[in-house]
Amino acid sequence: MRCIMKNSILTLDLGTTACKAVFFSIEGDILASGNCEYPTFHPEPMAAEQNAEDWWSAVVRAVREAKNKLSDSVLIEAIGLSSQRETIVPVDNAGTPLCSAIMWMDRRSKGYANELAEHFGKEELHNATGMIPDSTFSATKIMWLKENRTDAFTKAAYFLQPRDYICFKLTGKFILDYSLASRTMMLDVHNLSWRTEILDYIGISPAQLPNLVWSDEVIGYVSDEAAKELDIESGVPVVAGGGDRQCEALGAGICGKRAMESTGTTSNISFATDSVPGSIDRRVVCSVHTLKHQWLIEQGLTTSGSIMQWFRDEIYYSKNDVVDKTSYKPIDEEIMLSPIGASKLLTLPFFMGAKATRWNPDARGVIFGLTLGHNKGDIGRSIMEGVAFELKACLDVLADMQLSPEELVIMGGGSKAELWNKIKADIYGLSIKLPKIREAASLGAMILAGKGVGLFDDAIQTATRLNPIIGEYHPIKEHNVFYNKYYKLYNKLYKAVEDIYKELEEL
């Protein structure tokens with residue numbers, strides 16, 4: 001039997017909950033994929049930690065799973081990388097983690113965000129780094145480590161994000177691309193250099209941050225040791241890639257008047273620009289794109305899909321249910337029985353604080369209007385509607401900036417939920433488009449890898465060619481009129497409880 005050898009690009013996407021490994025053909029088809037989850041630890045309220053070793057173990061398992069699914073032999077032309085952002089782990093010179101990684105969603109460093117804002121000025125810090133002072137960003141987490149994991153902080157040779165750690169495990173090189181660097185709140189988003197006064201204040205040196213590279217650069221080659229663990233050939237070029245959101249925006253072909261709404265563990269609205277706004281709106285962040293001379297105006301929620309997972313695990317399924325408790329199908333069926341407006345329930349989706357557009361770390365989730373007549377379907381629909389209302393608030397901010405999108409591409413695992421897509425279209429009053437590949441961080445990493453080794457020329461043209469629009473959801477006018485009334489109440493509800501959040505936190 002003749003052995004068929006196909007050229008491929010392998011991507012590793014290290015998300016918030018799992019690693020996804022994908023073998024792509026050069027034409028953008030998925031030849032095989034593997035997925036491996038890793039745990040998140042919550043040692044106290046508002047804390048979220050992971051073990052960096054779990055990331056590499058998941059990479060190994062995911063790659064081997066994908067490789068076992070391949071029907072033909074492949075020649076790996078390059079490896080592309082993407083990962084969750086802002087999460088920080090200190091390592092020594094040998095790349096050994098010195099403590100648990102502090103995740104992007106960990107809110108324990110909010111006091112340090114306030115300290116940085118007070119010292120440098122909130123607006124000045126925002127305009128310089130593109131980031132709104134918040135516990136999400138890496139600078140605050142490094143300050144928390146300095147105070148609470150002093151030994152690890154003192155011994156740290158480098159502070160790495162998840163992609164950086166995987167890059168080291170693959171190649172032995174310490175690197176950081178501009179897209180992930182921009183999420184630290186330490187990079188000048190205008191001239192793409194470190195703000196040394198911020199580093200000095202925190203107490204770290206530029207040498208403790210890996211070398212800055214572009215997202216489409218070949219930064220090393222797979223070592224013999226890594227190749228043996230992954231069961232692939234050594235010497236494969238590794239291209240830097242970038243933050244999962246920026247890679248996803250590339251995979252979605254975001255440019256011009258096309259915006260992206262992505263829902264997975266959390267949700268995000270992104271819009272690309274070819275320059276940094278002279279004065280960045282106080283409600284948005286400005287990240288460096290994975291494309292040279294491009295930036296992303298971003299608005300990210302803290303929780304969205306993770307609330308649906310919480311609802312599934314803690315409310316919908318009983319511990320005694322003998323069913324597939326990972327399935328959302330029966331949940332969607334029950335939600336469909338609930339009328340629009342969820343029988344007069346409103347949910348504020350701030351289950352781990354609020355980022356865009358509120359930027360309130362003290363915010364908490366609220367399910368308002370409950371009666372004995374409500375059921376699980378009403379609660380589930382209310383969660384979906386609440387997330388969509390908050391995403392509409394993000395679109396309203398873009399409108400205020402004269403950046404209203406003419407088309408909205410919906411991405412992420414949440415885009416598989418047909419009912420949620422319909423709810424979003426009705427609430428936005430805007431048609432939303434479905435591309436062929438909706439978990440596009442891997443595709444973005446694949447395009448960058450291909451560009452890095454000379455297989456592709458123009459990244460955006462490649463993205464639109466490999467990931468065409470295949471479906472669309474149109475808003476129902478009557479539903480949009482109804483939801484506009486609810487949206488006003490939603491914003492009033494937030495205002496009504498805003499001060500109570502702070503009082504609750506201070507108890």
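In which sense, parallel or antiparallel, do strand S1 (residues 5-14) and strand S5 (residues 73-83) pair, and over how many bridges? Keep in mind, before you select anything, that what is open in your viewer is a predicted model.

Select residues 5-14 and 73-83, and you will have S1 and S5, which pair in the parallel sense over 10 bridges. To place yourself within this pairing, pick out Ile9, which stands opposite Ala78 in S5. Helix H10 (residues 244-251) packs on the sheet here, where it touches S1, S5 and strand S14 (237-243), and its direction makes about 100 degrees with that of S14.

Now widen the selection to the whole sheet, which is open and is formed by six strands in the order S3-S2-S1-S5-S14-S13, with mixed pairing. At the edges stand strand S3 (30-37) and strand S13 (218-221), and each has a single partner strand, so one side of each is left without a neighbour in the sheet. As you step from one strand to the next, the twist averages 25 degrees.

**Second stop: helix H10 and what follows**

Return to H10 and ask how many of its residues are buried. Eight of the eight residues are buried, so this helix is largely enclosed by the rest of the structure. You can go through the buried residues one by one: Asp244, Arg245, Gln246, Cys247, Glu248, Ala249, Leu250 and Gly251. After the helix comes Gly253, whose phi is positive, near 70 degrees.

Select Ile254 next, in the loop between H10 and strand S15 (258-263). Its relative accessibility is 1%, so Ile254 counts as buried. With its neighbours within four places in sequence left aside, Ile254 is in contact with Ala249, Ala259, Met260, Ser270, Phe271, Ala272, His289 and Ile460. Show Thr462 as well: Ile254 and Thr462 are 208 residues apart in sequence, and their C-alpha atoms are 12 Å apart in space.

Select Asp216, which is found in the loop between strand S12 (211-213) and S13. Is this residue buried or exposed? Asp216 counts as buried, because its relative accessibility is 14%, and the cut-off for this is under 20%. Display side chains, and look for the polar contact of 3.1 Å that joins those of Asp216 and Lys451. Apart from its neighbours within four places in sequence, Asp216 is in contact with Val239, Lys292, Leu448, Lys451 and Gly452.

Then move to Asp281, which lies in the loop between strand S16 (267-273) and strand S17 (285-288), and which counts as buried at 18% relative accessibility. A polar atom of the side chain of Asp281 lies 2.8 Å from the backbone nitrogen of Arg283. Again leaving aside neighbours within four places in sequence, you will find Asp281 in contact with His126, Val397 and Met401.

Select residues 432-435, which make up strand S22. In a regular strand the side chains alternate between the two faces of the sheet.

Strand S21 (residues 407-411) pairs with S22 in the parallel sense over two bridges, and Val409 has Lys433 in S22 as its bridge partner. To follow the chain from S21 to S22, trace it through helix H14 (residues 418-428), a β-α-β crossover that is right-handed. Strand S23 (residues 469-473), by contrast, pairs with S22 in the antiparallel sense over four bridges, and Pro435 stands opposite Ile469 in S23.

**Last stop: aromatic rings**

Finally, show the aromatic side chains, among which 17 aromatic pairs are counted. Centre the view on Tyr494 and Tyr501, whose ring centres are 6.3 Å apart and whose planes are at 45 degrees, so the pair is tilted. Tyr494 is buried, with a relative accessible area of 2%, and Tyr501 is buried too, with a relative accessible area of 5%. End the tour by selecting Phe389, Phe482, Tyr483, Tyr486, Tyr487 and Tyr490, which ring pairs link into a cluster.

Note on methods. Residues numbered from 1 in each chain as written. Predicted model: local features only at pLDDT ≥ 70, side-chain atom pairs only at ≥ 80, totals over all residues. Heavy atoms only, no water. Buried < 20%, exposed > 50% of the residue type's maximum accessible area, 1.4 Å probe, protein only. Pairing = 2+ DSSP bridges. Right-handed = clockwise from strand over helix to strand, strands pointing away. Polar contact = N/O pair within 3.5 Å; in protein donor to acceptor, adjacent residues only side chain to side chain. Contact = heavy atoms within 4.5 Å. Axes fitted to C-alpha atoms, helices over the stretch in contact; angles between N-to-C directions. Phe/Tyr/Trp six-rings, centres within 6.5 Å; stacked < 30°, edge-to-face > 60°.
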